[in-house]
Amino acid sequence: MDSFGYKLFLLLHILTVIVAFAPAFVWPVVSVNLKKQGKPVGPAIGALAAGNTTKVHGPALVLAGFFGFGLIGMSDKVWEFSQSWISVAMLLWFIMLGVLFGMMLPAEKKAAAGDASADKIVSMAGGILHLLLLLMLIDMIWKPGL
């Protein structure tokens, strides 16, 4: 776990998580500012976010999981796929992917097209992603079942 490769994968794992979740913390602030200015939130955020979700944030979330798998494989048997905390992390990651690609992305596209009700789905999906990130961090810090 002291090898350059392991540390590189750890760096990439953490970096891709930051990139994947940055919009979950930025867009709510942007949304509130747009509302205060009396500007339409759905089309503005939908147009910007949907493209970024497809090109940046979604792929970063996918890569975060793959780098995590790589870390497990390179851990010299310290971490193994059979450990319960890793199974929980994988489950949470798959749920995150489902929320991002199955819920948030379609809602962002609808918001970009002017569907005002889609903004609520984007907000809900963002909240779910916040909760899943918190659960993932708890899982990775405390490693239940280890």
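Leu 134 sits in helix 4, which covers residues 118-142; helices here are DSSP runs of H or I with at least four residues, strands are runs of E with at least two, and both are numbered from the N terminus. This is a predicted model, where local features need pLDDT of at least 70, side-chain atom pairs count only at pLDDT 80 or more, and totals for chains, interfaces and linings use all residues. Residues are numbered from 1 along each chain as its sequence is written, and side-chain values use heavy atoms, with hydrogens and water left out.

Now the helix pair. Helix 3, residues 84-112, packs against helix 4 at an angle of about 165°, with the axes 9 Å apart. Axes are lines fitted to C-alpha atoms, for helices over the stretch in contact, and angles run from 0 to 180 degrees between N-to-C directions. Helix 3 and helix 4 are therefore roughly antiparallel, as angles over 145 degrees count as that, under 35 as roughly parallel, 65 to 115 as roughly perpendicular and the rest as oblique.

Last, the whole chain. The protein chain has four helices and zero strands, in the order α-α-α-α along the sequence. Its C-alpha trace spans about 55 × 30 × 25 Å along the principal axes. Of the 146 residues in the protein chain, 38% count as buried.

Definitions and conventions. Buried < 20%, exposed > 50% of the residue type's maximum accessible area, 1.4 Å probe, protein only.
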